[in-house]
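Please look over the model below before reading the notes. The points follow the fold, the helices, the cores, the cavity and the salt bridges.

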Amino acid sequence: MITYVRRRTALCALGTLTATLAALAGCAGDTSGGAGRPAHPPASTTAPSPPAPPTLAPGPSGLTPVFENGPRSRGRTVALTFDADMTADQGPRAAAGERFDNPALVATLRRLKVPATFFMTGRWAEEYPAQARAIGRDPLFEVANHSYSHHAFTGRCYGLPTVPAARMRADVERAFAAFRAAGVERPVPYFRFPGGCYDQRALRALAPGGVTAVQWDVVSGDAFATDSAAVARQVLDGVRPGSVVVMHCTRSAAPTTERALRTIVPKLRERGFRFVRVSEQIGAAGGAGVRG
């Protein structure tokens, strides 16, 4: 065996480049005790898949489950959620300079190290794909579904146009497709109804998609607000352990939200609250906060 290895070594040293590479491969194989077999099997280069985000079991009659808040007695957690609203017909307004994004708000969350859940419309992801992708790849955040074009899933919902029942599930899937096209990695299977409006028909229509509908128990009042102190006060007065706070990350519709955050975050931390994403609260809920 030793003589054989020496001969192979000489071949590696004296042959042409092609022969040398082949011989080296043969030499490496010999060290395993069998031609062409490495001493150890190659390590897998495939990273393990992350665990699937938790969802709630279907509600009564198999309807889409609805989550409103986390457990009240399992620690002082609070989830800040931000709706990234944009409708299909607002493209010309964005082209004219209206801003439906809010990079300063996202930067403040990062600077303060605040986990958050963004409920994004598909149209917003199409308008701001780089921002959608960056939010989706940031381990602080998670991206959830807020419909494709922020049309209502019931009648008489703040004057919003409505999605026909037969198109509701397709509208949700269209938003997920827009996320994938923008490069959003692993959006969570949560859905927030535009305007928070839903009924039994909407819950039945979305049930085959396997999403958990996410509402809230604290309204920030930031939509079209001009007084950041009032927004902060409303949130601070409403938060309890397990709360889900609804806010917005569109500058044109919620211009004071970023300033309010600079008050809300330190004040809640002083009270012993820990910021979490909605997925953590759903995972801890065990059925709490569910309506059906």
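1. Helices (H or I, at least four residues) and strands (E, at least two) are DSSP runs, numbered from the N terminus. Just after α11, Gly286 has a positive phi of about 60°.

2. Some ground rules. This is a predicted model, in which local features need pLDDT of at least 70 and side-chain atom pairs count only at pLDDT 80 or more, while totals for chains, interfaces and linings use all residues. Residues are numbered from 1 along each chain as its sequence is written, and side-chain values use heavy atoms, with hydrogens and water left out.

3. The overall fold. The protein chain has eleven helices and ten strands. Of its 292 residues, 47% count as buried. Buried means under 20% relative accessible area, exposed over 50%, and partly exposed in between (1.4 Å probe, protein chains only). Contact means heavy atoms within 4.5 Å. Among contacts between residues at least 6 apart in sequence, 79% join residues at least 24 apart.

4. Helix α11 covers residues 278-285, and its buried residues are Val278, Ser279, Gln281, Ile282 and Ala285. Seen down the axis, these fall within an arc of 160°, so they line one face of α11. The arc is that of the directions from the helix axis to the C-beta atoms. An α-helix has 3.6 residues a turn, so residues three or four places apart point the same way.

5. Helix α4 buries Leu105, Val106, Thr108 and Leu109. Their arc around the axis is only 160°, which puts them on the same side of α4. What do the buried residues of α4 pack against? The partners are β2, β3 (116-120), α6 (129-137), β4 (141-145), β8 (243-248) and α10 (257-270).

6. Asn102 sits in the loop between α3 (91-95) and α4 (103-111). Its relative accessible area is 6%, so Asn102 counts as buried. Leaving aside neighbours within four places in sequence, Asn102 contacts Gln131, Cys249, Arg251 and Ala254.

7. A nonpolar core is a set of buried Ala, Val, Leu, Ile, Met, Phe, Trp, Tyr and Cys residues joined through side-chain atoms within 4.5 Å. The largest one has 58 residues; Phe82, Leu109, Phe118, Met120, Trp124 and Phe153 touch the most other members. Helix α7 (residues 168-182) gives the most to this core, with six residues. In soluble globular proteins, nonpolar side chains tend to be buried together.

8. Met120 and the second core. Beyond its neighbours within four places in sequence, Met120 is in contact with Ala84, Ala125, Ala132, Ile135, Val143, Ala144, Asn145, His146, Ser147 and Phe179. A second, separate core of 13 residues includes Ala144, Val188, Val214 and Val278.

9. The cavity. On a 1 Å grid over the protein atoms alone, a cavity is a set of points where a 1.4 Å probe fits but cannot get out; lining residues have an atom within 4 Å of a point. Grid points are joined across faces, edges and corners, and a volume is the space filled by probe spheres set on the points. The structure holds one cavity of 30 Å³ or more. The largest cavity holds about 30 Å³ of space. Its lining is Arg169, Val172, Glu173, Leu206, Gly209 and Val211. Helix α7 supplies the largest share of that lining, three residues.

10. Salt bridges. The structure holds eleven. A salt bridge is a side-chain nitrogen of Lys or Arg within 4 Å of a carboxyl oxygen of Asp or Glu. One of them joins Arg72 and Asp217 (2.9 Å, N to O). This pair links distant parts of the chain, 145 residues apart: Arg72 is in the loop between β1 (66-67) and β2 (77-84), and Asp217 is in the loop between β6 (212-214) and β7 (218-219). Arg72 is partly exposed at 30% relative accessibility, and Asp217 is partly exposed at 28%.

11. A local pair. Glu127 forms a salt bridge with Arg123, with the closest N and O atoms 2.9 Å apart. Both lie in helix α5 (residues 122-127), four residues apart, about one turn of the helix. Buried or partly exposed: which is Glu127? At 27% relative accessibility, Glu127 is partly exposed, whereas Arg123 is buried at 13%. Elsewhere, salt bridges that share partners join Arg99, Asp101 and Arg251 into one network.

12. Arg99 is partly exposed, at 37% relative accessibility. Asp101 is buried, with a relative accessible area of 0%.

Conventions:
1 Å grid on protein atoms, 1.4 Å probe; cavity = no way out; pocket = protein on both sides within 12 Å on 5 of 7 lines; lining within 4 Å.
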